[in-house]
Amino acid sequence: METIDKSACADCPINTPINLKRLGSVEAKYDCLIALAGNPNTGKSTVFNRLTGLKQHTGNWPGKTVSRAEGGFALNDRKFRIVDLPGTYSLLSTSTDEEIARDFILFGQPDVTLIVVDATRLERNLNLVLQILEITDRAVLCLNLIDEAERHGITIDTRSLSRDLGIPVVPAAAREGRGISELLKSIEEVIEGKFICKPHRIKNLLPEIEAAILGLSNKIENLYPGISNARWIAMRLLEGDQKMIDAIKNGGIVEIIGRNMSNNGQAKIDKG
């Protein structure tokens, strides 16, 4: 019996959303920006290539030696730019990769953050997912490698997981094109407001901690009018994130924001 190579069928019409047009490289004008995040070895690059048609990564992040991949695709009269962030296990800024991913999600103004996780190692991946949900109101979770999970007898209640996380959850096997149509539909629903994300956040902190976060958030917003995620930044300052402390003290936060602003927006943060 002849063995069928599923990877060879990756671009077959049955595996490709009807309205998806892979643009490859990024066009000058686009309508929506997607940040692609996830742990290493979750198939994040496979999702990226599946959507854009690109097969390799080119270029570096400004001032960094970390590779940077950007691509584009069109869907239902919208043009999307997708930025493949470095694979990381957390956003605590203990490495260059973590710093790049964190800063882009914080200040790059993505319309949606697409988080790719390994369905066979979901518990290990949830640490990064929960950190991302602390700093963005618009996210979609891709349960990639769901075929591998099924082969290992792993069952995931995606409806309950979506309810608990407060974002769409889509099972997928990106190598085969499985789940890509559903993933794109969820992205569009978040962008259009048809799915209102209510991301899981840290709650029920001690009153004195909440008071400290609120007071510090107000000071940050007064110092840098228009800054986003002031609460999250305040939490990082209280936890002793030295890089964030230095950025706030010396005004470097303005440079970080400007570096990560998407091309369709303009920096609105001025040092007070």
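Glu-192 and Lys-194 pair up in a salt bridge, with 3.2 Å between their closest N and O atoms. The term salt bridge here stands for a side-chain nitrogen of Lys or Arg within 4 Å of a carboxyl oxygen of Asp or Glu. Glu-192 is partly exposed at 36% relative accessible area, while Lys-194 is exposed at 65%. As for these words, buried means under 20% relative accessible area, exposed means over 50%, and partly exposed lies in between, using a 1.4 Å probe and protein chains only.

A word on the model itself: it is predicted, so local features need pLDDT of at least 70 and side-chain atom pairs count only at pLDDT 80 or more, while totals for chains, interfaces and linings use all residues. Residues are numbered from 1 along each chain as its sequence is written, and side-chain values use heavy atoms, with hydrogens and water left out.

Let us move on to a second pair. Glu-210 and Arg-231 also meet through their side chains in a salt bridge, at 3.2 Å from N to O. Glu-210 sits in helix α7 (residues 207–223) and Arg-231 in helix α8 (residues 230–238), so this pair ties together parts that are 21 residues apart in sequence. Both helices come from DSSP runs: helices are H or I of at least four residues, strands are E of at least two, and numbering starts from the N terminus. Glu-210 is partly exposed at 26% relative accessibility, and Arg-231 is likewise partly exposed at 35%.

How far apart are the closest N and O atoms of Glu-239 and Arg-236? In this salt bridge they are 2.1 Å apart. Glu-239 counts as exposed, with 54% relative accessibility, whereas Arg-236 counts as buried, with 9%. Through shared partners, salt bridges join Arg-236 and Glu-239 with Arg-102, Asp-103 and Asp-241 into one network.

| Salt bridge | N to O distance |
|---|---|
| Glu-192 and Lys-194 | 3.2 Å |
| Glu-210 and Arg-231 | 3.2 Å |
| Glu-239 and Arg-236 | 2.1 Å |

These pairs are among the 19 salt bridges found in a search of the whole structure.

Now for the chain as a whole. The protein chain holds 10 helices and 7 strands, and 49% of its 272 residues count as buried. Counting contacts (heavy atoms within 4.5 Å) between residues at least 6 apart in sequence, 72% join residues at least 24 apart. The accessible surface of the chain is about 13900 Å², with 50% of that belonging to carbon and sulfur atoms; the areas come from the Shrake-Rupley method with a 1.4 Å probe, and for residues only the protein chains shown count as cover.
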